[in-house]
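Below is a short report on one protein chain.

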Amino acid sequence: MDFTINEGRRNLSVPLLVEAALLNNEGQLSSTGALSVRTGKFTGRSPDDKFIVRDEITANTVDWGKINHPISEENFDRILSRMTTFISENKLGDSLYTFDGYVGADRSLQLPIRVITDKAWHCLFSTQIFIKATRTELIDFKPEFTLISLNDFASIPELEGTNSDTFIIINFKKKLILMGSTSYAGEIKKSMFSVMNFLLPQKGIFPMHCSTNLGKDGRSALFFGLSGTGKTTLSADENRRLVGDDEHGWSHSGVFNFEGGCYAKCVNLSKEKEPQIWNAIKFGSVMENVVIDSASREPDFSDGSLTENTRVVYPLDYIPGAVIPSVCGHPSVVIFLTADAFGVLPPVSKLSKEGAMYHFMSGYTSKLAGTERGITEPKETFSQCFGAPFMPLKASCYAELLGEKISEHNSKVYLINTGWSGGPYGIGKRIDLKFTRLMVSAAIKGSLEDSSYETHDIFNLQYPTTCPGVPSHMLNPRNTWHDKDQYDFSAKRLARLFINNFKKFEPISKEIVAAGPRLD
């Protein structure tokens with residue numbers, strides 16, 4: 001876009017951005033010192049309004065379909081032209097806020113970015129979630145990708161090819177992202193994640209939607225998992241150091257965080273269960289859609305009346321002992337987390353390379369009642385690569401990179417079920433967190449390697465017969481069900497869903513398909 005950046009509003013300090021947000025009536029200070037804001041009509045991402053420009057760069061590389069929606073170059077240019085005119089006619093140039101920084105803690109691979117927005121709190125969000133540039137770096141800073149967000153600018157669907165007046169559009173040729181008519185800041189974060197997920201595989205680097213921590217012995221672990229599987233809870237270990245909570249790359253030299261901050265859920269947050277997140281909610285943090293008492297300004301994390309998707313963003317250095325710069329060596333262990341509400345998957349299973357690729361591409365978990373509007377009972381979901389909305393390329397592309405990394409670095413892979421045992425949701429019980437933690441610990445320490453294993457007849461999974469501190473009978477899920485015939489019926493039902501879902505990846509290696517469930 002052709003306009004001059006207002007240097008007086010470029011890379012403002014955190015206190016100045018907080019003051020600006022308060023002056024603009026964009027939010028209020030809570031009793032914790034954190035800025036509290038509301039995101040308006042959208043309290044989560046709007047996947048149907050996200051587009052990628054279809055051009056010679058993306059036409060034959062992007063996995064077009066239900067997730068990756070194309071938009072023409074002509075429609076992108078129309079929106080860009082109107083945005084430019086909108087800024088000029090409303091004399092917004094001097095009132096826009098700019099953040100210049102980076103995505104990627106590995107300096108040899110980081111992407112210089114610019115975020116331009118009409119909200120001070122969006123600039124504060126960007127300052128806390130991305131990696132800050134030094135004063136010296138800012139002198140001659142040249143962004144490789146620019147994101148422009150105008151909350152009060154709407155598209156014209158019938159003229160510009162969008163699905164509504166809201167839009168998030170990535171243009172890889174122009175290295176530009178346009179956003180309008182949404183105040184949900186998660187779109188800023190995830191748009192840049194999508195960019196990295198398109199660019200890095202071309203360099204042989206595996207981009208990942210996962211958390212990472214590091215032990216005192218220097219051994220790192222990756223945690224993949226969809227919402228509700230326990231990714232944040234299980235990777236937050238007082239005996240290990242946090243590298244990052246959400247987005248990473250696995251390069252030739254090791255793992256690196258894409259971000260400089262964390263974006264944690266707040267719903268039902270308690271100091272006892274998640275003290276690190278609780279203590280990070282202070283001045284400089286931004287809470288989204290958390291209900292605040294009008295008099296005391298105290299947040300009520302148990303109140304989900306605005307949304308179940310309440311969030312807080314804070315810089316990584318708010319977490320004691322966090323690894324900064326957030327890079328580490330190659331992971332010794334990779335953990336896939338799933339919350340199986342049907343109670344049929346083993347609590348822990350060891351995966352071969354092909355098994356890891358199969359379950360990575362499947363990305364299975366269960367959505368529970370209350371987590372999304374319209375969900376009244378548990379429902380299975382498959383989100384390829386544990387992050388389908390942010391993966392522009394085919395799932396097999398990312399799975400191949402995973403397989404290569406596992407082989408090259410001899411990383412051990414485990415599938416851990418944090419869901420139900422003894423029956424489905426409503427009959428059985430959720431696997432006790434203390435047992436799940438013991439299984440995670442045994443996987444990371446390598447003690448699961450010493451166990452003998454049995455094969456699950458239906459899911460074709462190798463599960464251990466013993467795990468330190470965990471009752472042996474629960475390691476085979478069939479043992480925990482009173483009605484064995486009902487278990488077999490439920491297990492076969494889920495296995496059939498796995499098999500049918502995997503057909504969308506055809507053609508695919510026979511070895512990978514053979515590592516999945518089997519119904520004779």
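## Cysteines

In this predicted model, Cys-262 is buried, because its relative accessibility is 2%. Its closest cysteine sulfur is that of Cys-266, 12 Å away, which is too far for a bond.

Cys-328 is also a buried residue, with a relative accessible area of 12%. The cysteine sulfur closest to that of Cys-328 belongs to Cys-210 and lies 9.3 Å away, so the distance is too far for a bond. The structure as a whole holds zero disulfides, the cut-off for a pair of cysteine sulfur atoms being within 2.5 Å.

## Overall fold

The protein chain contains 13 helices and 30 strands. For 520 residues, a compact globule would have a radius of gyration near 24 Å, and the 23 Å of the protein chain agrees with that. The C-alpha trace spans about 70 × 55 × 45 Å along its principal axes.

Of the 520 residues, 57% are buried. Among contacts with a separation of 6 or more, 72% are between residues 24 or more positions apart.

## The annotated binding site

An unreviewed UniProt entry carries the annotation "binding site" for Arg-45, Tyr-184, Lys-190 and Arg-311. These residues span 267 residues in sequence, yet no two of their C-alpha atoms are more than 14.3 Å apart, so they gather at one spot.

Two of the annotated residues can be followed in detail. Lys-190 is part of helix H6, which covers residues 186-199. Its relative accessibility is 9%, so Lys-190 counts as buried. Apart from neighbours within four places in sequence, Lys-190 is in contact with Arg-45, Lys-50, His-209, Asp-246, Glu-247 and Phe-390.

Arg-311 belongs to strand E20, residues 311-315. With a relative accessible area of 17%, Arg-311 is buried, the cut-off being under 20%. When residues up to four places away in sequence are not counted, Arg-311 touches Tyr-184, Tyr-263, Ala-264, Lys-265, Cys-266, Val-286, Met-287, Glu-288 and Val-290.

## Cis peptide bonds

Ile-324 and Pro-325 are joined by a cis peptide bond with omega of about -5°. Pro-325 sits in the loop between E20 and strand E21 (327-328). Strand E20 is also where Arg-311 lies.

A cis peptide bond also runs from Glu-506 to Pro-507, with omega near 0°. The loop that holds Pro-507 lies between helix H12 (484-502) and helix H13 (510-514).

## Positive phi angles

Arg-297 is not a glycine, but has a positive phi of about 65°. Arg-297 is located in the loop between strand E18 (291-292) and strand E19 (299-300). At 31% relative accessibility, Arg-297 is partly exposed.

Asn-410, a residue other than glycine, likewise has a positive phi, near 55°. The loop containing Asn-410 is between helix H10 (395-409) and strand E26 (412-417). Asn-410 counts as exposed, at 52% relative accessibility, where the cut-off for exposed is over 50%.

Key. Residues are numbered from 1 along each chain as its sequence is written. This is a predicted model: local features need pLDDT of at least 70, side-chain atom pairs count only at pLDDT 80 or more; totals for chains, interfaces and linings use all residues. Side-chain values use heavy atoms; hydrogens and water are left out. UniProt positions are given in the numbering used here, feature names are shortened, and annotations may be inferred rather than shown by experiment. Helices (H or I, at least four residues) and strands (E, at least two) are DSSP runs, numbered from the N terminus. Buried means under 20% relative accessible area, exposed over 50%, partly exposed in between (1.4 Å probe, protein chains only). Contact means heavy atoms within 4.5 Å. The radius of gyration is taken over C-alpha atoms; the globule rule is 2.2 Å times the number of residues to the power 0.38.
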